[in-house]
Amino acid sequence: MTPPVDFQLLRAQQPRFQGLDPGHRACQGCGQALAARLTLEAAGPDILLANATGCLEVFTTAWPESAWRVPYLHSVFANAAAVAAGMEAALKAQGKDVKVIALAGDGGTFDIGFQALSGMLERGHDVLFVCYDNEAYMNTGVQRSGSTPHAAATTTSPAGVARMGKRHLKKDILAIIAAHHIPYGATASVAYPADLRKKVRRALQVDGPSFLQVHSPCPLGWGHGSELSIEVARLAVQTGLFPLIELERGALIGAMPIRQIHPVTAYLKLQSRFRHLFADDPRAREELAHLQALADHNIETYGLHAESPDGLDSEGADTVRRGGLRSA
Amino acid sequence: MRQALEGSQAIARAVALCRPQVVAAYPITPQTHIVENIAKLVADAQFQCEFVSVESEFSAASVVLGAACAGSRAYTASASQGIMLMSEVLYNIAGLRVPVVLTCANRAVSAPINIWNDQQDSMAVRDAGWLQLYCADNQEAVDTTIQAFRIAERCELPVMVCVDGFTLTHTLEPLELPSQEAVDAFLPPYAFSRTLDPRAPLSLGTLVGPDHFTETRYLHHQAVLDAEKEIIAAARDWSSLSGRMSAPLIRVDGPPGARIGILTLGSVFGTLLDAREHFGGEPVRLLHLRAFRPFPVEALRAATKGLSDLIVLERAISPGADGIVAAEVRSALMGADSPPRVHNFAAGLGGRDVPLAVYARLLEAIGTPQPRMSPIDLDRSQLSAAAGAP
Amino acid sequence: MPIMTPGAVAYPGTSLTFKTGGWRTARPVHRWVPAPCHAGCPAGEDPCGYVGLVAEGDIKGAWERLVAINPLPAVTGRVCDHPCEGSCHRGAYDSPIAIHNVERWLGDEAARAAWAYPLPLLPAEAKTVAVVGAGPAGLSCAYHLRRLGIRAMVIDRLPLAGGTLRTALPSYRLPREVLDREVERLMATVNFLPHTSLGRDVTLEELTREYAAVFLAPGRQQPRAWDVDGRVPRDLHAALPLLEAWVAFGKVPEIHSAVIVGGGNSAIDMARVLARTGAKVHLVTHDVRPAPGVPRDLAMKAAPRDIRQAEEEGVTVHVEHAIHHLILRGEKVVGVELVRVKKLARDEGHYEIVPFEGTETVLHVDQVIPAVGQTVAPEGMESLLAARGFFAVDGTGRVPGHDALFAGGDARAGAWGTVSGAVGDGRRAALAIEAHLSGKAQEPARDAEPITFSGLNLNYFEHAARAEEIVLPPDRRLALEEIAAGLSGPEVALEAVRCLSCGTCMACDNCWTVCPDQAVLKMHAPAGMRYLTDYDYCKGCGLCAHECPVGFIAMVDETS
């Protein structure tokens, strides 16, 4: 009979920074919860967080409880970047060496929070803005956002006799961010935790504003099993639909090559938001072809085709190592 | 030292004397001169602060919120549409119980668009949970700005200092600016009790459900009511430092035996003082409601004691209901010992000049039956017959 | 009720009071699943286990884990046809782990470092079991008995232990010194009675009377009778005696050209030996080449590597052929007529070899050498042998009707006919003997199904080339020199790192990394026990299980 484990003690001894405690109320398999946890692991304790309204805020701060072990402020939906800018200004005035991270969903980044974000970037605040991109307004029940992919069905872009889901394209937010000429901007994915943490560290090292767009599947909103969150996120990368790239001052400095390029259908078929694209319908076939073309375009634009299947791309890939040491 | 300064410049220098570490603002008429003056002080190294020129009032409010939560004294200023745009954040700042100071250069609210003075903007956010202090002249604007920081910080509540646009912000008045030493003595460096600090991490802005929400609202309400004590204390302490007496809640001017009173907020009070002197006649008590939030019920009852008629002169209206201030005055006097009849008029909406003659017309008007509220300076010749042309 | 704070501020650590484990409908559990290499190993090795230890740098631990199953790794690492590699999932990913070379290196390393076999002290009251035959089956049984605290007395008709390893395996495949070194080290743990033949020097009755149990592993020493339509050349040589002569003396009768009949190891070795003497050699077999997916019954028994090397050395292999006629001049062979054949399945488990008329061809050779297998030399055991000349035993190796009599190795009916198969037989019999002697009921071996390829999550691995050993080019292969050089220590270490660790936790931290709820906690413990699920918070999302690279985590339904 082994003695009972002191979970509390063991939890306190975990060899990583734990900024986000369990007991939070994220759905099973929540990509955003994972992304936030990984972000904080890389960022460490010396940060202030400004969080936009959204799932993350709701599931972490049901008063009197909080899952955060770092200073945290949620104000409203649209102002995470501005609140973060205020924090940064204050810390600068006080001469404190503490980093500020703004956290927002795609609604709080692409749409309602965009103006504040653009202003913060333009003014050059030393703030890392992290967008947990789950491609719709999930907190309010899966309504389409500027980030919702083309042809995805949401409750405000449903599929029906006259419509094949969202009629518009996913906004290329990183290109817009790049136009601000900020020191560092990148995309990341929960499917590549080491890459994500590396990018958080890199972003926090730069002086000035930085931006990270983290693809974070929502099992409920995307319509896939909770165990598939990473699988789905990985396929988004491996199909070319969500390229993992890094920009410095707006210029492309790195892209994670895809070792094995999958057809977009491999990604789409796992999610019920794209179910209507698999109907026996010429419009559905056209939309599938459209999405494939978008992926092909990304692959070409960012040069995502891996040169060889060997370990050339191991810096970003989440190759596991016996005994826990990852490559990044 | 007594000097002639434009109101905005005086306010800017008063703000600088308070040493906020972060100032965020977005330009809007008639607030612009305030922030321009602050920017110039910063540029001239006469004022050390992080001056954040944001891209909207929404962000201005958000920046001061973030700055205050990160432990800095913070200030912003706006008006009119800007107050509307930041209103979501104003509620948020107050609900989070964060001390910041905002100057509202009072202006009409669109539509129709109008850049001139009335008080519709600050009245529109009266329920946001901020303290609201109205200034009758630029000396009051200077003194109230300084007091506002102390009140905000001691109460952990945001304070909106309301200054009539153009009428005060753009006019030159002789006034006294206090010394830095006096302000420093009055306003020591401040540490917000819930400062975000990695060494003692707190979560601010939590989700509060039905089980607990009433209690947050109740506590907030109590805090605003309790702020009356700090408003009074700040006025007292500042007058002993500055030598200038400023009435904390309601300024009362006129003979004790007066039977008629006129209550107003802001710069019209000065016009009424002049008019009373100009026209003479029966004794009239003039009341300036400096503290609109908290609403000083007891002070109002005391200030209106002995009056048979009280005219409330509004600078904003609530279409379809009473005047905003009059409704609150009526409510406050309900149940007082022999309260005065309350008459309610608006004047000077959208910057219409309030001439001395308004005083006489008000006194005349209460002799005849009137609607519950009407503009005393309405020009019926502009109205169609259907709309009530004479 | 909590006391409301100004601004509804909340404090760190407070969410821990909310136990989200109650949401769960399925829980993740850690469970070891056999790797396919384990399932594929006739000796019963778990390569995944010891390769993993090599990857972790625990070389001695790896060897100890290996010899807990197979005491002859330096031998089997060389001569086994390594079906483990055929079943290795890495083969479907890029190319299989060179398990045989890891095994071989561990055996050599143990000999070099003189590591002692990890054995318990023998209790004074230890019983003694007789083991007949010092070939791989007998040696394995004796060694495993010793591991189980039982003394073994090995008897063999020959002066030295090793059996077929010594008599019939050419040294270019198994150098003498390697065999001597490993067998010597093993023999130090058991008792040995050489020059002792069953039936001649000792009877079975004596053995069963004097020993607590007997394990019979005499091997197959008697070549099967062979003819074509009843005709046999006068100067016929069977393969095994020729091979034994060559192994013992380095000489065979002069032969210019020959057809070897058979597809097993003896056939291939015979062919290669003759090729070394300069003969033109053909090998004829009705089987097909072994390849993934080809049923064992249809494929040549020889290892693909050995077939390939034989061909490199000049042997011509005719698969799916049979000798239709012998072309004799007098009673001497001058040629054979070959015909194409196919092994066609008939009723259950039986095949019929069907020749196809019109496909006949002629080979002019001066010898036909059958290598069609041997049977047990029956002396002293006649009463026990089943109809076809082998021991019919149950799954544990017990001879039916005899509580304390066990048999295995090549002498067993249905034997693999390989060294590693013999090693496995010896171990299984030792376990059964121990159970019998201690009076314990033996748990029936219930090997779980090995993990499937799709049970792995290969997204977490990178392609990496298999370490290939240096093999002497055909023109430099001398009579005795070992052909394959094996791998160096660093090469073995790199190769071990390629292992996908199928079904076995490799402590990669993935579950710890992907849990959105920090419900996976990491401990200072060996891989397999390093992670603990905190079910207070685990919501049962299944990410850890789905993303486990090695299939070590299963979701178990909790709703019923």
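1. An aromatic cluster in chain C brings together W63(C), W115(C), Y117(C) and Y143(C). Rings of Phe, Tyr and Trp (its six-membered ring) pair if their centres lie within 6.5 Å; planes under 30 degrees apart are stacked, over 60 edge-to-face, and the rest tilted.

2. A word on the basis: this is a predicted model, where local features need pLDDT of at least 70, side-chain atom pairs count only at pLDDT 80 or more, and totals for chains, interfaces and linings use all residues. Residues are numbered from 1 along each chain as its sequence is written, chains are lettered from A and ligands numbered from 1 in the order in which they are written, and side-chain values use heavy atoms, without hydrogens and water.

3. Over all chains, the whole structure holds 13 aromatic pairs. F77(A) and Y137(A) are edge-to-face, because their planes stand at 90 degrees with ring centres 6.1 Å apart. This pair links distant parts of the chain, 60 residues apart. F77(A) is partly exposed at 24% relative accessibility, while Y137(A) is buried at 18% (buried is under 20% relative accessible area, exposed over 50%, partly exposed in between, with a 1.4 Å probe and protein chains only).

4. F279(B) and Y359(B) are stacked, since their planes lie at 10 degrees, with centres 6.1 Å apart. Y359(B) is buried, with a relative accessible area of 1%, and F279(B) is partly exposed at 37%.

5. Back to chain A as a whole: buried residues make up 63% of its 328 residues. Its C-alpha trace spans about 60 × 60 × 45 Å along the principal axes.

Note on methods
Helix = DSSP H or I, 4+ residues; strand = E, 2+ residues; numbered from the N terminus.
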